[in-house]
Amino acid sequence: MAGWYSNSPEQTESKGVTSDSGYFTITALSFSPSVIAVGESVSFSITLKNTSGKSVTSCYITLSGTYPSTNASSGTGYVSDVYLHGGPSFAMSSISWGSNVSKTFTGTFPFLPGYYAVDGSNYLFPVSAAKLHLSIVTNATFANGSNYENFGNLRGSDGEYLAILSARDNPRLSFAVERAPNDESASVKTSIRLTSDVSDSVFTGHGYSAKLYRSSDHNPATASDTVTTLNATIAQMLTGITDSTSAITTSFSNGSDWSFLLVVSNGYETRSATANIPRAFANVHMSGCRTGGVAFGKFSAATENNPLFECAYPIVLNGSAVYGSSSAMPENPVEGQLYFVVE
């Protein structure tokens with residue numbers, strides 16, 4: 001049996017970022033999701049502390065973005081501003097913002113390309129080429145004689161707070177596991193197919209890896225469960241793996257249900273798929289031992305020279321028990337009667 005689901009990156013939070021001239025400090029900053037692509041939106045929450053020593057009674061605050069461009073003379077395209085306070089058209093709005101007072105601003109920023117074409121030669125935009133810029137313009141005059149302040153790039157020095165992709169690969173994953181060669185086996189066969197919106201060579205160049213998890217305690221398996229060896233590369237998954245007995249060589253007890261989670265990720269995009277195999281079931285099982293053995297409702301535990309008669313079902317009989325030697329057995333035993341032969 002198989003299924004699939006996808007994972008979304010969690011938000012990333014930053015603290016203690018100081019503006020260019022030191023008049024404001026970001027004490028809390030979060031983006032959700034922490035990975036977006038051009039054309040997508042990101043939710044933000046920004047807490048700013050006024051460390052200027054001045055009271056601000058009117059201001060506007062904008063969040064803007066840039067991206068690498070193939071046809072802009074400067075090589076840079078611009079994303080439209082979003083006002084966190086005040087606006088539009090650079091209009092200030094009243095605010096009561098004393099020195100050493102913090103205020104939190106929330107909203108959504110659409111990273112939509114402007115007039116200039118996007119340069120998509122890089123899967124992940126470098127921080128130097130795609131920025132998220134915060135600007136504060138006030139009615140106060142600061143110690144340096146200005147009335148404004150800037151945060152050059154809220155993405156972080158390595159894009160650790162917000163990663164921006166030129167476009168998504170959009171990986172898709174199918175995954176199936178079955179007991180093989182039969183439904184009583186502890187070994188399995190596996191089928192995996194990985195596809196995306198880009199060519200296989202481009203996809204493999206984006207640094208994806210795969211991890212397989214297993215559990216016999218719950219369904220579905222999670223990334224907190226036991227890691228299981230997967231003998232399959234990303235390239236092989238893109239080609240397609242069908243009924244392979246070598247992709248997963250671990251044995252799985254036929255007395256338990258097993259669930260599996262396959263995760264393919266490069267840290268920016270993730271696709272996961274689940275599969276499961278049921279415990280094996282036998283109504284009547286004849287042992288393969290030369291010395292025999294039979295079990296009802298379970299698999300025989302008989303071993304060579306140790307034959308067993310086993311029953312996992314409740315035994316319900318009608319009638320009374322008769323004890324005696326084999327010679328005392330009636331010629332035509334009564335149905336439902338229980339006979340114990342004593343030799």
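## Nonpolar cores

In this predicted model, the largest nonpolar core holds 34 residues. Those with the most contacts inside it are Ile46, Leu48, Ile61, Trp97, Phe109, Leu134 and Leu154. Seven strands are listed as giving two or more residues to this core: strand 4 (24–32), strand 6 (41–50), strand 7 (56–68), strand 8 (76–85), strand 9 (93–97), strand 10 (102–110) and strand 11 (132–138). Strand 7 gives the most, with five residues.

## Around Phe109

Leaving aside residues up to four places away in sequence, Phe109 touches Glu40, Ser41, Val42, Phe44, Leu63, Ser64, Gly65, Val79, Ser80, Val82 and Leu132.

## Salt bridges

The whole structure contains three salt bridges. Glu40, a contact of Phe109, pairs with Arg168, with the closest N and O atoms 2.7 Å apart. Glu40 sits in the loop between strand 5 (35–37) and strand 6. Arg168 sits in the loop between strand 13 (163–165) and strand 14 (172–179), and the two residues are 128 apart in the chain. Glu40 is partly exposed, at 26% relative accessibility; Arg168 is also partly exposed, at 23%.

Asp197 bridges to Arg172 at 2.9 Å between the closest N and O atoms. The aspartate lies in the loop between strand 15 (188–195) and helix 1 (200–204), the arginine in strand 14. Asp197 is partly exposed at 48%, as is Arg172 at 37%.

Glu304 meets Arg290 at 3.4 Å, N to O. Glu304 is in the loop between strand 22 (294–296) and strand 23 (309–311), and Arg290 is in the loop between strand 21 (284–286) and strand 22, so the pair ties together parts 14 residues apart in sequence. Arg290 is exposed, at 78%, whereas Glu304 is partly exposed, at 35%.

Notes: Residues are numbered from 1 along each chain as its sequence is written. This is a predicted model: local features need pLDDT of at least 70, side-chain atom pairs count only at pLDDT 80 or more; totals for chains, interfaces and linings use all residues. Side-chain values use heavy atoms; hydrogens and water are left out. A nonpolar core is a set of buried Ala, Val, Leu, Ile, Met, Phe, Trp, Tyr and Cys residues joined through side-chain atoms within 4.5 Å. Buried means under 20% relative accessible area, exposed over 50%, partly exposed in between (1.4 Å probe, protein chains only). Helices (H or I, at least four residues) and strands (E, at least two) are DSSP runs, numbered from the N terminus. Contact means heavy atoms within 4.5 Å. A salt bridge is a side-chain nitrogen of Lys or Arg within 4 Å of a carboxyl oxygen of Asp or Glu.
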